[in-house]
Amino acid sequence: MKIKKNDDGTSYASIYFAGPIRSAGGTEAAFSLIIADHVRKALALDVYHPNSPGNDEVGRMLEELRVYERDVGNFQFRVSDHAVKFAMLHMPVEITGVETDPVEVITHRGMKRIETDRVRGGALRVLNDGIIGRARKLSKLVTELSIQGWDWLETLEDSRQHGTDETQAGSSHFEEVIAGRPVLSVPNQKGGFRLRYGRAFNTGLATIGIHPATTALLGYPVVVGTQVKINLPGKAATIAFTDSIDGPIAKLRNGRVLRIDSVQDALNMKNELHEILFLGDLLISFGDFLENNTRLEPSGYVEEIWLKELQEVISKRNADQEPKKISILDSTLARILNGAPPTFEIARILSRELNVSLHPKHLFYWDLLSVTEILKLRRSLTPVGINLLSTNSEEIKKILEQAGIPHRLSNTNNDIIIEGETADAVSFTLALSKGNEVIKGWSSVEELLTLLSGASIRRKSSTFVGVRVGRPEKAMIRKMKPPVHLLFPVGNSGGSKRDLIQASKTEGFEIEIINSRCKNCGIHSTSNKCPNCKSDTEILYNCPSCNRVLTSDICSKCQDTAVPYTTTKYPLRDNITKAVKTVKYIPKAPLKGVINLTSAARFPEPIEKGILRNKHDLSIYKDGTIRFDVTNVPLTHATPRMINTNIQKLRELGYEIDIDGQQLLKEDQIFELFTQDIVIPNEAAECLLRTTRFIDDLLVHVYKNRRFYELRSKEDLIGQLVVGLAPHTSVGVVGRVIGFTKSQVCFAHPYWHSAKRRDCDGDGDALLLLMDILLNFSKEFLPAQIGGMMDTPLMIQPIIIPTEVQRQAYNFDVMKNYPLDFYKNTISQEIPTEITGSIQIIKDRLKDKSQFQNLYFTHHTTSISLGPPRSSYSTLGSLSEKIENQIDIAKKIRAVNPDDVVAAVLRTHLIPDIIGNMRAYLRQVFRCKKCGRRNRRIPLLGKCESCGGQLQQTVSRKSISKYLQITKNLSNEFDVGEYLKNRIDLLSEELKTLFPPEVDEGQLNLIQYLSTHD
């Protein structure tokens, strides 16, 4: 932070941001400016006045941002020019920073208060993805904290959301489509995912629920744990499966339209699918809207509303001294009041006799039709027995499909047939028994149908939410690049695989390593204890230039700062031999180390650890620990069957009762998770099991102690302690394994994820075995550069205190059902913060023991892991296969236009990749095949100056042109617009200039050319 001068002589605060900087944590990054503004006020500084005479600083920031987008990288949000200008003109402090990339602005150069003409990546990300992108969240925070001077954020939100379609931040996710990652639903497009409010016990905290039949029908483009980009309430979310909400309505190749309510039905009909007319519901919790401070969208008429209304009517009826009798058995009514869906006949009786609306199960998307279409449909339908028939015409078929009314074609395809309860519901709603009676006094489709039927017909549709695939689900062991078995330097002697065994064959092997010796016998050692006499060792500091041992911090001869390491000959072969004898295992080549150590003291790991990791097929991270990365998903409740754990074991772990207070005796009883219990993927269990065996071998052979784990199978991991660690933190949180899942996710309580400072919008964190951290982690292994201590377990949190977790968890809603007033508030599109009193959230429970228990949910699901563990994107091989699958999915969804998808892929992925690869080719370095050394230019010798090895290109011609043919094919097959087609043609010409045709491609040499022109 610096204090600078405005043109009027007043002083203002200028905040400098470093780079590179991640867009994740944009709210916190932006809030640092609010803190800086508070400091500014305390120091009695004036606000920042941009645009001093001759210095258009607002224009500079705008140009710089666009240059960064074009030449460096993308932001999380695409914001409008107006939003950038508005934010800059209202900022009370200056956003600036150091240059981060060798890219310069062209127009706004030489600014007297900006030190560089290059782009300032940190400052740009804080402005774009922080201040503007998170304006809604920031506005909510400053309101809650009563912070003055930032009211303009509400107006900034409007400027961000209500711009043109090309600049809306909310729509930008659907303009930037990655090749191969499907678009499932376009914002506000009929037939897309219908917004449904609520939370299942596996959703919330930026995790949303869809019916599993939807993804099964499409060949699983998303599975549990897949990250998706959405247009509301936030930028992204993780997918979970909830089968108690509406599934898809599909059209088959034979013209039949039907609702699909089960995964098995979806799989059976997958090969017959022609098109999905309606994708089904997207379950999003109120807490997610509250967290993102997103205005509520009107809810469609759903079962939850109907049940609440029925309960109100029954309550008033029972309060009457002489309640009117209804022609329904009390037992039937009781089942319905407990959530059982009524048959059409029961729904009709309830509607007529109790004046409640027709049940949503028997509603269709009438509101998506015009009055003219409804009247045409009414005239065309004829009751025939228990069915309805209509002559098969394109117009009537289209109307039925738009309304989502199940039907089929006759064997001759001459008639359209509506059957069963669907026929009853349609006939009742359209009042077919009244003939062509003219109805007056209506102002909407719903009012017309209500007057026709004599029952209240409500609007079924809601907001259709945009959804496209972001990152695929993840569950894999964390590996350095390239993977290593131990942190031990081999320099160039280990070859490209950094092999210690190969390096041990080098005569005079030298490495840069800690300079320590035994205080007693004087033997040099790389550990704290002398291997000879077991005495303590001491570190010797020496000059890095003249290598003299120093007694002061500065070398008197070279004036260099003393360092605790030195380059010395190391008996690698002898030490590997000793290690092999110690652990009683001969490692398989390669035994992978690192080129050199980057820690401050250059402490290496004992070779024995690397050999044992080699034995158990394990790889380590920079701090010496073994990690398994996995996507986060919340889970507040489960059944023994869902987590694949036997009931007796669960009872031993403390799970004695279910959510109804009954003894836990059956596999399908629902119980509530303890806050630090987790369910891990099968792959994670296998990795952790190998790690326990590595730990046991280490304890026995190296530390001369007894085994700690002695586990035989993954089931023995139940009850073991692990640590969860997010990559941007340095505090791990202890968790206990209680079950397994085939999905590529870690199911855990929202408190546990929030204690790691995470929500669940597609991010993944590391799982580490607690004993591995205690034995093998050391700060001495960490890189000395800035950021070296991030993503390391410097501290471990053994117990979660809810008041100390990340604030996102406080907005987690915990009610059995949402009140009727909430749904009324959605119709008026209230701001969530204004109605928080009507829905209980965790924040309301933080002062009593209810913060730990009875975290209720609104929707059930029968399984938390259905379908394959990996999505189709993860299982397909080549890019062309992935794009083909992406387009095929777009063709099968009515709410998605394949032409738009292809245009977006070309514009935001393929074309930029071709341009970027061309630039990389022209700037490439040359790598030695033998030692891996990189050269900016090919030396005059034509070979590696270090080892004499052969040099090779790091960017090939093939890598540049690999997307060109795919790009051409797509632009020819789909309507992507003349601009993109012309741009592709120009790129093709540029590539021909860069790579002239080779001789075998028709290129003539000079003699051939002259001979053909005699």
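What we have is a predicted model, in which local features need pLDDT of at least 70 and side-chain atom pairs count only at pLDDT 80 or more, while totals for chains, interfaces and linings use all residues. Residues are numbered from 1 along each chain as its sequence is written, and side-chain values use heavy atoms, with hydrogens and water left out.

Let me begin with leucine 184, which lies in strand β4, residues 183-185; strands here are DSSP runs of E with at least two residues, helices are runs of H or I with at least four, and both are numbered from the N terminus. Leucine 184 counts as buried because its relative accessibility is 3%, where buried means under 20% relative accessible area, exposed over 50%, and partly exposed in between, with a 1.4 Å probe and protein chains only. If we leave aside residues up to four places away in sequence, leucine 184 touches, among others, Phe193, Leu279, Val467 and Ile893, a contact being heavy atoms within 4.5 Å.

Now please find helix α26, residues 820-827, whose buried residues are Leu820, Phe822, Tyr823, Asn825 and Thr826. Those buried residues pack against β5 (193-197), α10 (286-292) and α11 (303-319), and just after α26, glutamine 829 takes a positive phi of about 55°.

Finally, isoleucine 35 lies in helix α1, residues 26-42, and it counts as partly exposed because its relative accessibility is 48%.
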